[in-house]
Structure formats: C-alpha cells, structure tokens
Amino acid sequence: MKLLITGGAGFIGSHVVRLFVTKYPEYQIYNLDALTYAGNLANLSDIEQSPNYTFIKGDITDAKFLEDMFAEMSFDGVIHLAAESHVDRSITDPMSFVMTNVVGTVNLLNAAKNSWKDSASGFEGKRFYHVSTDEVYGSLHNPEDFFTEETAYDPQSPYSASKAASDHFVRAYGNTYKLPVVLSNCSNNYGPNHFPEKLIPLMIHNIQTNKPLPVYGKGENVRDWLFVVDHARAIDAVFHTGKPGETYNIGGFNEWKNIDLVHLLCQIMDRKLDRPEGTSAQLITYVTDRAGHDLRYAIDAHKIMNELGWQPSLQFEEGLEKTVDWFLANQEWLDNVTSGNYQSYYQGMYANR
Ligand code: NAD
Ligand code: TYD
C-alpha cells in the first residue's frame, strides 16, 4: 500500500502520520505538505527516520505538481487533511481558504481520478478519504439537537463554507466518476502539537506567560472536544473499514461551554504551576465576539461507534491533563512555532519535487 497523507505536518495530520507509520510498517506513507505557518516537521521528528516514511514538500493548489506526482508515484490511497483550518483567519482572508480547501481539494480529486482510471486495476482497491469538520452543519440552537450524517449543510463562516464546498466536490466525484470516496466530519480536536492560535493551546500559553485570556463574547458558545489521538484512531477505522461513498461523524459526546473550559484549564494550570487556586482565572478577559460566531456544535457519533466499533479512549479531564503536560514539557516547540523559527529552519532542507 502506497498511501498519500496530505497536511501531515499539521496538528491532526501529524498524529495520523505517526499512527499509520508505526502501526502499518508494511505501508509506504508519503506526507505531502506545503509547510504553511501551521505545518511543522518538528511534529514528526520521532518518526522522520522510519524506512516507510517520506516527506514531500508541495502545494495542493498546484494542479500540475499533483498530476505529475500521482503519475510518478502510483498511490493506492489518499487521506486528505491539508487545509486552512482557523475560523478567525478565514474571516480576514477568505480567499486563501477558497484556494487551499476548495481548489486544492478539487486538484487532488482530479489527480487521483486521472492516475487511477488509467491504471491497470482502475479504481479497484483505491480509496480517497476526505477529512472534514462538523462546522459544515452550521450552528445548533436547540439543546436536544445533534449533528447526524443526515443533517443538512448550513455553513456559517468562510472556513466552514470552504470545507462544505470541498465535501460536496468529493461526493460529486464519487457520484459522477465513481471515484471510491469516503468522508468523515469531526468535532473540535485538542492535544499535543495544537497550533497556539486555537482556543486550548492559546489559553495554556497565555496562562503560562501571564497574558490576558481572551474569551469571545460571553463565553457561552459550546464546542464538542475530542482528543486528537482518538480522531487519528477514528481515521484509521474509517480508512480501513468505512463503506465506500459513506460519511462518518466523529465526536466525543463531550460538550463544553468555552468559559467553563477556560476555568477548568485555569484550575489545572494553577495546580501544575504551583500557583494559589484562582490565580490564573484572574487573567480571563471578555473580548468582542467573533463575527458570525456559531453557538453550539455537537456530534452524534453513534454511526461510527455502532458500525465501525470506534470509541474515544480518553475522558476529557485526562486528555486535558496530558495536553497541558505536553505543552509544559515542550516549551521549545511552542517558542519556535510562535516565532516562526521552524519554517526558516526547514526551508531548503526539502527541495520542492
Ligand atoms: P492545521 O492547520 O494544523 O494543519 C493543516 C496542514 O495543512 C498544515 O501542515 C499545512 O502546512 C498544510 N497545508 C495548508 N495549506 C496547504 C496547501 N495548499 N498544500 C499543502 N499543504 C497545505 O489543521 P488541523 O487542525 O490539523 O486540521 C486538519 C484537517 O482536519 C483539516 O482538513 C480540518 O478542516 C480538519 N478538521 C480539523 C479539526 C480541528 O479541530 N482542528 C476538526 C475537524 C476536522
Ligand atoms: P477555535 O479553537 O478557534 O475553534 P473553532 O472556532 O473552529 O470551534 O475556537 C473554539 C471556541 O473558542 C470558539 O467558540 C471560539 C472561542 N475562542 C475564544 O473565545 N477565544 C479565543 O481566543 C479563541 C481562539 C477562540
């Protein structure tokens, strides 16, 4: 199996690459990543010497590059995670989300389709797995509602609109060209290597450095949090046992109001940093709300649990402790990603193919 994983230098992608490289030594894993501000090869330093792992620097917005690479490499499968992923950035710069998330995904679909249809076995034994988000379903307002695989798409931010568009293209290629596609839509992830522009790592970093903790609006928005390694395990299950053409929702049945989550993090950090109880919470600062801020996300994950036997392995409090411990033990990683040092360090080490 020659497997292409896109976005493998990012937060979730690096956990997926690690899982596949270590669990499937018989597979050849190719990690294609443009190394944007969010991509960081230090996330994979522990496995980069593995004989079944190859890094390829490249941009999915470059259609010719993808066509050439697919023609040369004859991949059997694709797990597509490369994306622009931060809602706040999508509000200030929507076009880069259109380019990577929509155009980049269609480029990848074309490259896979064109190389596979001309191969001896055609689409037989091939798989194109598109990794997406629960944000495509929009915002929940009734506390009894959950996002199921049948929930109509209703994206509210440029980020979620771009992911929704990419999901539609993937399904359209499955329907029109019979490309063997499978999709998953996951809730908010957290864990080691999370880029510190997102809520949990930003709060950990700011608590540690005694900076204000910016809570948008009243902090009443609800997110459903899943430990990143559990998402990687779900991706493994969907890639290997998901039915062609199907979609699987992935989530931890773990809803938290932002303000409650920030308070819990403050308590954990006070304990870890030997600060008197209540010290970190004094840093909480309510700031102007995000434009178009979705109120609540909550995934109904029964389908993947019942049909593929996947379940989350960690309770949230345990996962948060592990996450905080990782950030406290990896200060150098945090300093480097926040200063952009990794990008300049790796620039030039890997030639563009
Ligand atoms: P991330 O921003 O941490 O990583 C994205 C990776 O993609 C980076 O390594 C970046 O260098 C790479 N990339 C960006 N543009 C590229 C391009 N044009 N060509 C090649 N590589 C490019 O994102 P993440 O949080 O790890 O999310 C990964 C995927 O999972 C995304 O598709 C996202 O929509 C989806 N997702 C994320 C979450 C979450 O909570 N973070 C939840 C559900 C689904
Ligand atoms: P984020 O981690 O950006 O994920 P998403 O917007 O994709 O769910 O944000 C999680 C929640 O935290 C979301 O409701 C916005 C809120 N938030 C803050 O209150 N302050 C912050 O500084 C950030 C980054 C997010």
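This dialogue walks through a few features of a predicted model.

Visitor: Which residues have the most contacts inside the largest nonpolar core?

Guide: A nonpolar core is a set of buried nonpolar residues joined through side-chain atoms. Here the largest one has 43 residues, and those with the most contacts inside it are Ile5, Phe20, Ile79, Tyr129 and Ile304. Several elements give two or more residues to this core, among them strand β1 (2-6), helix α1 (11-23), strand β5 (127-133) and helix α9 (302-308). Apart from it lies another core, of 32 residues, which includes Tyr37, Leu261, Ile268 and Val337.

Visitor: What does Ile79 touch, leaving out residues up to four places away in sequence?

Guide: On that count, the residues that Ile79 touches include Leu3, Leu4, Ile5, Phe20, Tyr129, Val131, Ile235 and Phe239.

Visitor: Is Ser160 buried or exposed?

Guide: A residue counts as buried under 20% relative accessible area and as exposed over 50%. Ser160, which is found in helix α5 (residues 158-177), has 0% relative accessibility and therefore counts as buried. Setting aside neighbours within four places in sequence, Ser160 is in contact with Glu135, Val136 and Pro155.

Visitor: Why does Met95 count as exposed?

Guide: Met95 lies in helix α4 (residues 94-117), and it counts as exposed because its relative accessibility is 54%. Together with Val98 and Met99, Met95 makes a nonpolar surface patch of about 260 Å².

Visitor: Where does UniProt place the feature "domain: NAD(P)-binding"?

Guide: The UniProt record, an unreviewed entry, places that feature at residues 4-323. Over residues 4-323 the chain is 40% helix and 17% strand, with the end C-alpha atoms 28 Å apart.

Key:
Residues numbered from 1 in each chain as written. Chains lettered and ligands numbered in written order. Predicted model: local features only at pLDDT ≥ 70, side-chain atom pairs only at ≥ 80, totals over all residues. Heavy atoms only, no water. Patch = residues over 30% accessible without salt bridge, like charges linked within 9 Å, V, L, I, M, F, W, Y side chains within 5 Å. Areas by Shrake-Rupley, 256 points an atom, 1.4 Å probe, with all protein chains shown as cover. Salt bridge = Lys/Arg side-chain N within 4 Å of Asp/Glu carboxyl O. Helix = DSSP H or I, 4+ residues; strand = E, 2+ residues; numbered from the N terminus. Buried < 20%, exposed > 50% of the residue type's maximum accessible area, 1.4 Å probe, protein only. UniProt positions renumbered as here; feature names shortened; annotations may be inferred. Contact = heavy atoms within 4.5 Å. Core = buried A, V, L, I, M, F, W, Y, C linked by side-chain atoms within 4.5 Å.
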